[in-house]
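Please look through the structure before reading on.

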Amino acid sequence: MLDLIIKNGLVILENETVQTEVGIKDGKIVQIGHQLGESTETIDATGLIVSPGMVDAHVHISDPGGGFRDFWEGYETGTNACAKGGVTSFMEMPLNQVPATVNKESLEIKFAAGEGKLMSDIGSFGGLVPYNLDGGIQELDTGGVKAYKAFLSTCGDRTIDGDFMNVDDYSLYEGMKQIAKTGKVLAIHAENAAITDRLGEIAYQKGETSLKAYVKTRPVFTEVEPIRRVILFAKETGCRIHICHVACPEGVEEVTKARLEGVDVTCETCTHYLYFDTSELDDIGPVVKCSPPIRDKKAQEGLWEKVKSGEISFVTSDHSPCTPDLKNKENAFEAWGGISGVQNNVDVLFDEGVQKRGLSLNQFGKMIATNPAECFNLDQKGSITIGKDADFVLISPNDDYTLQAEDLEYKNKISPYIGRTIGAQVVQTILRGQTIYSKETGVSKEKIGRFIK
């Protein structure tokens with residue numbers, strides 16, 4: 001007898017979307033078809049889209065906080081938000097926890113911090129920093145990371161021992177040579193630090209305070225130049241690379257060009273770049289500040305075209321939360337640059353992509369699940385396929401709701417999506433055959449998530 005059958009829903013399979021039944025046993029998908037027989041539990045998905053659970057490839061959890069970021073976002077609240085938002089697994093960045101995840105010791109500290117707190121499954125990034133080139137990368141590889149992450153833009157707090165740090169060109173080159181030997185992907189935050197930092201200082205000194213002015217200090221070419229640079233380094237070292245949160249179509253074009261030349265390179269954009277544009281930022285306030293910045297409407301539409309063409313491999317949240325005091329600034333240049341968004345990937349992307357722009361359901365499934373799982377070798381995730389983990393998100397289409405702060409599972413209930421009417425809803429999230437969220441009963445109390453090592 002099966003443990004669970006999901007029936008009567010429109011199911012997004014790997015190469016088609018059909019009304020069918022899905023049978024689950026011991027946390028795995030074991031049957032797809034009709035009249036599957038008896039099961040302990042049945043879910044009637046009439047009128048719902050049955051999608052593979054989202055694999056959000058870019059999430060920051062600040063646990064442990066090391067006494068510095070204890071009140072930012074913990075594993076419990078962060079993964080509860082994932083469950084409510086239809087994210088069944090995610091790739092966790094090696095910052096902003098303290099210590100940053102850069103060697104065996106810090107990786108084990110991170111794993112211990114999440115013990116018994118996880119509502120979704122987590123694959124880990126290890127960091128590439130100037131101070132872990134003497135064995136740290138190898139320790140992370142054998143310790144179970146699924147990929148690596150480096151910053152070209154300035155990051156980290158140098159007053160905090162063990163905080164993350166951006167790479168110089170030599171550290172990037174040497175680190176890429178080492179990572180190439182592991183066969184794993186290096187994900188890169190590509191912004192030109194020297195130019196953006198100085199432009200920001202000049203604007204601040206001139207008394208600029210707006211988000212519009214902040215965007216101007218990070219012009220498009222400061223994304224494009226470092227993307228070209230890391231592609232050149234990839235050609236030299238043979239390292240597989242992935243460009244994070246590309247905010248302009250020009251950056252995507254560099255990735256496409258390199259891929260056609262045989263470089264193993266992919267890229268992502270973020271939900272907020274596909275939803276907001278520069279003209280509305282100052283009305284919303286610093287809660288919507290991020291880097292790279294949210295660009296104009298033309299850039300947004302250009303990114304949607306790149307999503308539709310498949311040049312952008314997948315979309316992420318870049319969930320990067322902080323405490324309210326770091327956002328509540330009169331001067332946008334003084335505010336923390338990061339958006340809380342992991343709970344509103346699936347509903348916003350379904351509404352904006354499928355319902356408003358005609359993205360096919362199969363494209364949607366690849367964009368939120370299949371492609372990121374393949375990129376980071378999450379072999380049991382990413383598609384509704386026999387033998388894979390039974391991870392699903394059930395979506396109610398054309399079902400409007402207005403997001404309220406109290407709807408959020410985050411530790412700090414701040415989000416630029418608050419007050420927005422979203423035209424679809426996540427009604428149930430299933431991880432390895434178990435319901436971790438339903439609209440009727442809320443987030444489950446049973447913490448079944450685990451680290452993918």
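Are Y75 and F451 buried or exposed? Both Y75 and F451 are buried, where buried means under 20% relative accessible area, exposed over 50% and partly exposed in between, with a 1.4 Å probe and protein chains only. This is a predicted model, in which local features need pLDDT of at least 70, side-chain atom pairs count only at pLDDT 80 or more, and totals for chains, interfaces and linings use all residues. Residues are numbered from 1 along each chain as its sequence is written, and side-chain values use heavy atoms, with hydrogens and water left out.

**Aromatic rings**
- The structure holds eleven aromatic pairs; rings of Phe, Tyr and Trp (its six-membered ring) pair if their centres lie within 6.5 Å, and planes under 30 degrees apart count as stacked, over 60 as edge-to-face and the rest as tilted.
- One of them joins Y75 and F451 edge-to-face, at 5.8 Å centre to centre and 90° between the planes.
- Ring pairs also link Y75, F111 and F451 into a cluster.

**Cysteines**
- There are zero disulfides in the structure, a disulfide being a pair of cysteine sulfur atoms within 2.5 Å.
- The sulfur of C244 is too far for a bond, because the closest cysteine sulfur, in C270, is 8.2 Å away.
- C270 counts as buried, at 0% relative accessibility.

**Nonpolar cores**
- The largest nonpolar core has 120 residues; such a core is a set of buried Ala, Val, Leu, Ile, Met, Phe, Trp, Tyr and Cys residues joined through side-chain atoms within 4.5 Å.
- Among the members that touch the most others are L128, L172 and F364.
- Apart from this core lies another, of 17 residues, including L4 and A390.
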